[in-house]
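Open the model in a viewer and keep the selection tool at hand. The stops below say what to select and what is found there.

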Amino acid sequence: MGQLTPDMILVLIMIALAIFLFIVEWVRVDVVAILMMVALPLLHLVTPKEAFVGLSSNAVVSIIAVIIIGAGLDKTGMINKLVKPVLMVAGTSTSRIIVAISVTVAFISSFMQNIGAAALFLPAIQRISKMQKIPLSRLLMPVGFSAILGGTITLVGCSPLILLNDLLLPFNLKPFGLFDVTPIGLALMASGIACFILLGRFILPQGECQGTEDNEAFCTIDGLAANEEEVNSHYELTTSDDFMDYRDPVHVDDLRRRYLVNVLALTEPPDFKTLSPAPETEIRAGVDLVVCGRKQDVERMALAEEMVLKETIDCYSSEFDTSTSGTVEAVVSPRSQFAGLTLAEIRIQDRFRVTPLEIHRQEETYRAEIDSIALQTGDVIRFYGTWKRLESLHREGGLLFSMPSDLEDMRPEKALWAGGWLVLSLVMIMGFDIQLSVALMTGALGMVITRVISIDEAYQSVDWRTIFLLAGLIPLGIATQKTGTAEWIAGSILCIIGDVSPIVLLTVIGILSTMFTLVISNVGATVLLVPLVVNMAIAAGTDPRMAALVVGLATSNSFMLPTHQVNALYMGPGRYRTVDFIKAGSLVSVVFLVVMIAMISLIYGI
Amino acid sequence: MSIVTISRGSSSMGKAVAEKVAATLGYQVLSRDLLLNASDKFHVSQQSLLQALHDAPGLKDRYKNTKQIYIAYVRATLLEMVAGDNVVYHGLAGHLLLKGLDHVLKIRIIGNLENRVMRKMREDGIARHEAQSLILADDAQRKKWTRQIYGVDPADNTLYDMVICIDKLSVDDAAQFICGAANSTAFQSTEACLRKARDLSLACNVKAALVTEFPEVGITCEYGNMLLYATEKIAHNGKFKKILDSLKQDTPGIFNLEVHAGVPVPLDAV
């Protein structure tokens, strides 16, 4: 083991600082990464060029391209179309539901961001939970874990795996192919789901069934849809000519408060048709209005306010055409700027002119005074509005639109193009051995050229936090390697554990990676650990590629704490406590490590 | 068509005035029958209810919330009894128990101590010093009660629509003033007032059903849409949910019932 140099001590201090800031979260993780990007060249630990090399790295470009491809697929509504058939296949048995949704989510997650796949199914799972009277806590965790495990199925499934080949470059090691990890990822996913199917009753919180009267009507998927339709049906009414003569002024907000009926459209004198009128808008005599709510509430309102309930949408038929306006569900994402704020504080109606209809949280549906409810991660908000306005709300970020196929600029006609560009990218990677970033960027560019997604939409879809997190930590990896710090740490660890067999070494690396990923981001853990374990493997005479692969995979082994974004998203709706994650996550993590080492050993003959 | 509450100190001729007003307007008089009804409905002794309405909360009450529980029972009963309108109530704290209703005419009758003492001596056949100390003790207790339960001073005139000093006026004169006010437009019950009374009655009934186990839950009701404000812990409590389920099924007039956790309780919540 060599001597510690001042540069190595400085690198160790920077690593300790990064880990400390990741844990305490005084600043956001991407800001920590940028801090590293700036501090390392200032300390002469890397050259300025090396400090920013991450921004042009294969990994960063690949991630940008994967995000754009995912957004393109999303725009065509292809992914959403999977939801309904999957729910039909799932049937009524808890196990089948878990398997069907988990496999689908894992599959989607293998090509797009895990969090997107997890958010997509959240509203559907909530409905199934109500319909089948299965506690939400028994469904969400298996699906969430599958979304994370799905990221290990392909080399573009999660950031650590995308990053892996770049981190191998300085060691002149052969890069991994797109599907090299697939058998391992599939085995990991299958074992994860099996854990819940076989041992779910012991490791999952049992929760309570929400068997209310309303839910009892939900006996089939069609029944559920019918009931939801009834709750959110549109009705057109006309106020009487003497509506304002003998009563206090009635405003849009009054109708919502009194009858839980939302006014979606209102004629204002002389004959302006307003969609999603403001809450303070006064309802005049002899005007038409379209409302959304339960039939009995609308009838109650019509009777009490002496309005005439029409049989069909008459005056507003064009405005309520599905090509103009509609209803969407949006999930409050982790790290959303809206979390902790009420709809009134966000001024959703003022700013976006959309009408919030209801909020779903855990098994509850809130329809009254929803403006004063502080939003939480995982809340599902149902909005009505024109597609244009909903799209502008979507662009604001912070909300994951789970049914964007309803949005105006959904391009289902581009589905073939989108699928074609994805396949082309895959063929380029597999058939022609073209570099991952180039192949994926070709697919992303193709999507832009064929107008599956506009270039502005492509830019907006990129999560810059992830990009800077990645790009900012790459120089830390370079400094660790360049100064010999990685070699020194590797040597120290090997001194402690002594001569061990490759399997034991890989297991130790797997455990180390799992521990790191629980407290710092998976990208951070990968960047720090790969140079280290490659050195360790070289020193111990083990295949260094496998050591790096273990890190790439095991940094997805983030189940024991709700620190992973997907776990954070599902924690609120599932009403999980940290102890629930420790209980179920510990088992899944152990199984993950065993299966991963077994599969690597089986496939690569370690 | 309205509700009249008459608040008075002991021996202030309040009862006589109330009866005269009721007779003139053709209204029903409510007083002690409130406690009787509440006692029947909630299976609590009349004595306990009377103490809850009269005596300021002691240490034991604060610990066990007994006062809050009994007041919730009395309020729920009173709101049911006044739902039919045309009522004169001259019991304890009527103006506070019916807070939130617009068509309630709130009267306070006052008189100087000397006259009240004389009246008390005549009514109860007791000595002067005994009558005086009883009246003063009673006044002090009511003041303390109102301050501790509602945080207001009963002598604050802004709590009432009309304060009548009975010293120079006869019962008939006082009744005439009150009847005149009761017949004014401001205190006529409208459809909106009656709806508000029904909503408040529903909210108070739900409060009464929950107050023993969950006294901190705040409740509002508008047009039959019930909103309960509770902590996250209470909102997910099995017993709480069970009570709400049975209330939803058994209470006519509730169209929707939601529990909002972690939301500040509005000032008008019961």
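Start by selecting helix α10 (residues 182-203) of chain A and helix α27 (residues 578-604) of chain A. α10(A) passes α27(A) in a right-handed crossing; a crossing is left-handed if the near helix is turned anticlockwise from the far one by less than a right angle, and right-handed if clockwise. This is a predicted model, in which local features need pLDDT of at least 70 and side-chain atom pairs count only at pLDDT 80 or more, while totals for chains, interfaces and linings use all residues. Residues are numbered from 1 along each chain as its sequence is written, and chains are lettered from A and ligands numbered from 1 in the order in which they are written.

The two helices pack at an angle of about 150°, with their axes 9 Å apart. Axes are lines fitted to C-alpha atoms, for helices over the stretch in contact, and angles run from 0 to 180 degrees between N-to-C directions. α10(A) and α27(A) are therefore roughly antiparallel to each other (under 35 degrees counts as roughly parallel, over 145 as roughly antiparallel, 65 to 115 as roughly perpendicular and the rest as oblique). Helices (H or I, at least four residues) and strands (E, at least two) are DSSP runs, numbered from the N terminus.

Show the side chains of the contact next. On α10(A) they include Ile184(A), Leu188(A), Cys195(A) and Leu199(A); on α27(A), Leu587(A), Val591(A), Phe592(A) and Met599(A) are among them. Contact requires C-beta atoms, placed from the backbone, within 7 Å. By class, the contact has 17 nonpolar, 2 polar and 1 charged residues; Ala, Val, Leu, Ile, Met, Phe, Trp, Tyr, Cys and Pro count as nonpolar, Asp, Glu, Lys and Arg as charged, and the others, Gly among them, as polar.

Now select strand β2 (residues 262-268) of chain A, where 6 of the 7 residues are buried, so the strand is largely enclosed by the rest of the structure. A residue is buried if 20 or more other C-beta atoms lie within 10 Å of its own, exposed if 12 or fewer, and partly exposed in between, with C-beta atoms placed from the backbone. β2(A) pairs with β3 (residues 272-275) of chain A in the antiparallel sense over 4 bridges; pairing means that DSSP finds at least two bridges between the strands. A hairpin through 3 residues joins β2(A) to β3(A). Thr267(A) has Lys273(A) as its bridge partner in β3(A). With β4 (residues 288-293) of chain A, β2(A) pairs antiparallel over 4 bridges, and Leu266(A) stands opposite Leu289(A) there.

Move to strand β6 (residues 325-332) of chain A. Here 7 of the 8 residues are buried, so this strand too is largely enclosed by the rest of the structure. β6(A) pairs antiparallel with β9 (residues 380-386) of chain A over 7 bridges, and Gly326(A) stands opposite Gly385(A) in β9(A). β6(A) also pairs antiparallel with β10 (residues 399-401) of chain A, over 3 bridges; Ala330(A) has Phe401(A) as its partner in β10(A).

Switch to chain B. An open sheet of 3 strands has the order β6-β7-β8 (chain B), with mixed pairing. Strand β7 (residues 225-230) of chain B runs parallel to β8(B), joined by 6 bridges, and Ala230(B) stands opposite Ala261(B) in β8(B). Helix α10 (residues 191-210) of chain B packs on the sheet, touching β6 and β7 of chain B.

Last, show both chains: 12 residues of chain A are in contact with 10 residues of chain B.

Methods:
Two residues are in contact if their C-beta atoms, placed from the backbone, lie within 7 Å.
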